[in-house]
Amino acid sequence: MAHMYTMACKLPPFDKVKMPSARSITFRVIQDKLHYGFFVPDEMAIEISSYNASHFTTIFSTLLHEMTHMALYVQGYKTYGEHTGKFSQYRNVYAALYNLDPKAV
């Protein structure tokens, strides 16, 4: 996950944000049947469920989703946990770049 994160930080929309280095983030694989992933701001952690995200495309799109929450958090957006507004703008950029369905990421 750290390598995918580092790569994604160099591409839009994250290349315009001062994202934390991969070394300063905790990456965890979890077993959650209800969720694909989480951004845990107080720990600066990204968690991805191996139960739901078991293929590369799903893992990567989940990582991008959680990175969007993180990007909004580090920029000081109070709405970093929501899926509207600025979140949608970021999602639309990487969905187009990686040919992902914006409704699925």
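Here are legends for a few close-up views of this predicted model. Residues are counted from 1 along each chain as its sequence is written, and side-chain values use heavy atoms, with hydrogens and water left out. Because the model is predicted, local features need pLDDT of at least 70 and side-chain atom pairs count only at pLDDT 80 or more, while totals for chains, interfaces and linings use all residues.

View 1. Phe87, Ser88, Tyr90, Arg91, Tyr94 and Ala95 are its buried residues (buried is under 20% relative accessible area, exposed over 50%, partly exposed in between, with a 1.4 Å probe and protein chains only). Down the axis of α3 they fall within an arc of 160 degrees, so they line one face of the helix (the arc is taken from the directions from the helix axis to the C-beta atoms).

View 2. Asn99 sits in the segment after α3. Its phi is positive, near 55 degrees, though it isn't a glycine. At 72% relative accessibility, Asn99 counts as exposed.

**View 3. Met44 in a loop.** Look between β2 (37-40) and β3 (45-49) for Met44. Here too is a non-glycine with a positive phi, about 50 degrees. Met44 has 17% relative accessibility, so it counts as buried.

**View 4. A cis peptide bond.** The bond from Pro12 to Pro13 is cis, with omega near 0 degrees. Pro13 belongs to the loop between α1 (2-9) and β1 (26-30).

Technical notes. Helices (H or I, at least four residues) and strands (E, at least two) are DSSP runs, numbered from the N terminus.
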